[in-house]
Amino acid sequence: MLTLSQVTKRYPTGDRALTDIDLTLPAGQVMALIGPSGAGKSTLIRCVNRLVEPTSGSIRLGDTELTRLSGRELRRARRAMGMIFQEYALVDRLTVMENVLSGRLGQVGFWRSFLRRYPADAVTEAFRLLERVGLPHAIDKRADALSGGQRQRVGIARALLQDPQLLLVDEPTASLDPKTSRQIMRLIRELCAERELGAIINIHDVALARQFADRIAGLRAGEIVFDGRPEALDAETLTTIYGEENWGEEEWDTQGQAADEASSSSVEPATRLSLATGGAS
Amino acid sequence: MPVSTTTQGTPIWRLRTTRAQWLGYLAWLAAGCLFLLCWKVISDNTMWVFVEDAGRQGSDLISRMLPPEWTYAHRLWKPMWDTMNIATLGTVLGIAMAFPVAFLAARNTTPHPLVRSAALLIIVSSRSINSLIWAMLLVTILGPGVLAGIIAIALRSIGFVGKLLYEAIEEIHPTPVEAISATGASRLQVMSYGVLPQVLPAFAGISVYRWDINIRESTVLGLVGAGGIGLQLNAAINSLAWNQVSVIFVMIFVTVLASEWISARVRHAIT
Amino acid sequence: MTRQAMARAGQWRRLPMIRDPRLRWGLALGGLVYLLLALSTIDVNWARVAEGAGRGLNFLAAFTQPDFVSRRGDILDGILESLTMTLTSTVIGVALAIPVGLGAARNISPWPVYYLCRGIITVSRTFQEIIIAILFVVMFGFGPLAGMITLAFATIGFMAKLLAEDIEDLDWRQVEAVRATGASWWQTMNHAVQPQVMPRLIGLSMYRLDINFRESAVIGIVGAGGIGATLNTSISRYEYDTSAAILLIIIAIVLLCEYSSSHVRRWTQ
């Protein structure tokens, strides 16, 4: 359904973010995209809906060539792709309902959207989606009054209100705690299954990727270095993607330790800093 | 390196290196000379005889101002009402013009860099020119009256509101804007959903703040004929009726304090 | 029906900002009535406007060919006077604003001093520079000295208020840390308060320099020196090409000031 061929992105600074990416995503498949920070994961999914302009190559969604679209056609193509963001990207000062309804912006005129006169079927659908993600009681709350997990649910509802064929998901769990992360991933997974949606999910957490994706692609320095089923991802391939590290270690253990270290060391620099500013005079 | 070692090998700490220290001294010396030079220009253009007389003049002025001629106050309600209207209508008009200019001037919402330069030019011109100068000009064009005052206040407000607003627009979170664009929204829709809610509190605060400044500015526009209480002030000064001037001062003082209090309360409630 | 049930049925409207409908409509009506009343006070003499319209066009046209030459002596003197007034008044004003600002900070000054300093700030901020200029011209005679004192006085109010606010919300732990070493009041000021407020103080002084220059261009109208007198004369004589030249110079200097102040601010941080 989605086909990328020879997609390259070079930033004006000369940095190559993506080099000759070839990727095909069949309908209904959930693919996790893993790789170190700066490998080009975000750039890749932003190239698909053209929030970032690819330098060369072709991206096809169904029969449409996305790279050549502009103006009205680009907006129509974007409607078919829902996007979910790392920091939820909700408009904080709007209510939950307004945020969800903003998924329909591509289909209503300016004045209707400005005066918040959405068609009844959009409102019904928005409310149904809010019920599906478990937030029907929150319609009139402001987005910034919600917890992280709740906000991400609103973000998901907004993306689905577009009635997309494809979900682009950018680090959905990076700002969430482990339990909420699992709930959110499970929700995305279920919704994809219900609606036979394809999805590309950028994710840092390899364990989550293994648990919830049909397929995993590994990106390193702008190139795909692994593409296969989650079972095929072993210590060796992780080394090719992320570099040398003891991948055999129990994952929760090392993470727990790192967190401990981070929290204990975070106190010390703070005091050092204030001493330094106090003495700088 | 602020820490150096003496010949005996004991380290000494100084705040700055010798070179930086000398540069600092030189800068201070240069600034001092400049200040003295400026002082000399002023002193050359001053009649020192009058200055020696200043204390007596001042006490004379105060004795003429007191007691204020309170009965004069009832003739000031209408001019005061005019002053408020000049400030309020001028602010409304200025905001209406500043709003689009700010969107054209903000780096992240401008349609084209050239448009941005033009918008910035409008903002800086409006900011540089005091409302009193605008009023002088407009009085020669439109004739004396409230209208000239309103437009003068509006023209001066464009720059102030425009500058603060475009800075607020440049500071918004980019991710909601990205998210709204990703839904396939049009440019105007992205502005109204992604940008506008984020800058609305700042916009309201800036507007109220400018309104309170405008009340203060509109009290003097009458000096050049642009309506409001300044007209009475001018007349009273010209006829040396200092006990009326003091009544006007009290009125201005109270009004400005009240508007400042209102504006501070509103801004506090918004944020 | 609750809003949730209505939303399920496809009925949804944005919540109004003011919940109480009577208050909402009352405010809207009040605003409308005020607007109508205020607009009705504008009396326009259309014949006069028609007469002046030509002048307005002349004024705009003057910007395409500003005349720097025919009154260059007056312009030069005026600008020089404005600049000197700006500089001296800012230096003196800031120097005087520091003690007033310290006195007006609730957390470090005793009550009588606090009220006195707050009083000075309020008076200085409430009256427009031009009103103060009128009084000082009466006292000190025509000329730049009255202007300089006016601007210095206005600077005190502006700077002292912001300085006092800065001191009121400075990081108190640092002050305590310095005090704990046994430092005296002056040492505490120098080591704990000054480093925290200094960068903003410099930034604000630069900003005030800019404001003082702009104000110095108008207080000449009442005889307090600077370019204002020249500008006023040229406008009232309808010599718009000279006015345009002066305005362009003012804009250029303000731009220069802004540009250099952003540099100074970067350099102090």
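How many helices and how many strands does the secondary structure of chain C come to? The count for chain C is 11 helices and zero strands, with helices (H or I, at least four residues) and strands (E, at least two) taken as DSSP runs and numbered from the N terminus. Chain C has a radius of gyration of 26 Å, well over the 18 Å of the globule rule for 269 residues, so it is more spread out than a compact globule. That radius is taken over C-alpha atoms, and the rule is 2.2 Å times the number of residues to the power 0.38. The C-alpha trace of chain C spans about 70 × 65 × 35 Å along its principal axes.

A word on conventions. This is a predicted model, where local features need pLDDT of at least 70, side-chain atom pairs count only at pLDDT 80 or more, and totals for chains, interfaces and linings use all residues. Residues are numbered from 1 along each chain as its sequence is written, chains are lettered from A and ligands numbered from 1 in the order in which they are written, and side-chain values use heavy atoms, with hydrogens and water left out.

Back to chain C. Of its 269 residues, 48% are buried, meaning under 20% relative accessible area with a 1.4 Å probe, protein chains only. Among its contacts (heavy atoms within 4.5 Å) with a separation of 6 or more, 72% join residues 24 or more positions apart.

Now chain A. Strands β1 (residues 2–10) and β2 (residues 16–25) of chain A pair in the antiparallel sense over six bridges; pairing requires at least two bridges found by DSSP. A:T3 stands opposite A:T24 in β2(A). The hairpin of β1(A) and β2(A) has five residues between the strands, and A:G14 takes a positive phi near 100° there.

Terms used. Buried < 20%, exposed > 50% of the residue type's maximum accessible area, 1.4 Å probe, protein only.
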